[in-house]
Amino acid sequence: MTYQPDSSRYQQIQYNRCGRSGVKLPAISLGLWHNFGGVDVPENCRAMIRHAFSSGITHFDLANNYGPPPGSAEENFGIILEKDFRPYRDEMIISTKAGYAMWEGPYGEWGSRKYLLSSLDQSLRRLKLDYVDIFYSHRPDPETPLEETMGALAQAVKQGKALYAGISNYPADKTKLAAKILRELGTPCLIHQPKYSMFERWVENGLLDVAEEEGMGVIAFSPLAQGLLTDRYLQGIPEGSRASKAHGFLKQKDITPEKLSKIKKLNDIAIARNQTLAQMAIVWLLKDNRVTSVLIGASSVDQLRNNLDALKNSVFSKEDLEKIEGVLR
Ligand SMILES: NC(=O)c1ccc[n+]([C@@H]2O[C@H](COP(=O)([O-])OP(=O)(O)OC[C@H]3O[C@@H](n4cnc5c(N)ncnc54)[C@H](OP(=O)(O)O)[C@@H]3O)[C@@H](O)[C@H]2O)c1
């Protein structure tokens, strides 16, 4: 059946300006790190992308290595784009990245111009696209000069293979330098993608300030701590969950009794607010207006639906915030 997105999709979600740029991103974006690879069920992937777009999610985040196997999430997304989204390309912000190990030899990872530009060409072939909207340096490279890595991002933009440059996992000081270099090259850094959740708050010690000063947007990845900040693990480790899968990045050893005790207390606070823990974890990030978008993952349309409903209750009382801090401290 031909895909017909919901005609009211742009009334369903809020859009936030990405730093001081011209583009807005949906408050919730969808990432394809897990659950969209060659090991996953294609019809479930397609249903999630369709539901996301129909709900106003315009931004889909990928990387060269997403799968498994690496590259397969881009391939699968390319197939879905071809089948359902050709008429909607101009309504979508699609990002990809390069930085982690992708192929053998000295040019298959990190931050050289050689690696970044070859990888982007490979990504475009897998996605069957002429350009991506955002091309990221996925992680800082301690050995390659920052000028070279940023120069490669700027070159990708000048070649028309990416519309904007982004950085991910860069600490505050390197972010400041990267912003300066990119500005001088005429391709200002659009966005920073850091890990940020109730359980991972390093960005609060300087990075958010730098992003604001430099006019960059911020998109928070793993906002649910890969599923920990939900009710997923309250009764053990369910079959099919990320922690149950050999290729899942969340390991059973990460689900410690101390973590679980915090999760239970946070879950109680969420229930008292009439929302799920996943919903509370999402809007807790969005209360800081330096956070442009929250980049969730999902393994089902139901999870997506639940997460999108987060936006219906995004106000926190001072008491709620204090209770949450009390648990996290
Ligand atoms: N730049 C980087 O270095 C980097 C690194 C990691 C991720 N990312 C990006 O961030 C995106 C999101 O990362 P993430 O998948 O770790 O995000 P996440 O939102 O923290 O975790 C997603 C997982 O949480 C569970 N979940 C989601 N909604 C739920 C709900 N309502 N109820 C119960 N469980 C729920 C699902 O686990 P189950 O699968 O168990 O159902 C889902 O796979 C990635 O896809 C990628 O685009 C970037």
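**Exercise 1. Find the barrel and give its strand order.**

Step 1: Eight strands close into a barrel, in the order β3-β4-β5-β6-β7-β8-β9-β10. Strands here are DSSP E runs of at least two residues, helices H or I runs of at least four, both numbered from the N terminus.
Step 2: The pairing is parallel, where a pair needs at least two DSSP bridges.
Step 3: From one strand to the next, the twist averages 30 degrees; angles run from 0 to 180 degrees between N-to-C directions of axes fitted to C-alpha atoms.

By the way, this is a predicted model: local features need pLDDT of at least 70 and side-chain atom pairs 80 or more, while totals for chains, interfaces and linings use all residues. Residues count from 1 along each chain as its sequence is written.

**Exercise 2. Zoom in on β6 and β7: how many bridges join them?**

Step 1: Five bridges link β6 (132–137) with β7 (162–168).
Step 2: Pick out S137, whose bridge partner in β7 is I167.

**Exercise 3. Which residues of α6 (207–214) are buried?**

Step 1: They're L207, V210 and A211 (buried: 20 or more other C-beta atoms, placed from the backbone, within 10 Å of its own).
Step 2: These residues sit on the same side of α6, because they cover an arc of only 100 degrees around the axis, taken from the directions from the helix axis to the C-beta atoms.
Step 3: Their cover includes α5 (172–184), β8 (189–193) and β9 (217–221), with contact meaning C-beta atoms within 7 Å.

Key
A residue is buried if 20 or more other C-beta atoms lie within 10 Å of its own, exposed if 12 or fewer, and partly exposed in between; C-beta atoms are placed from the backbone. Two residues are in contact if their C-beta atoms, placed from the backbone, lie within 7 Å.
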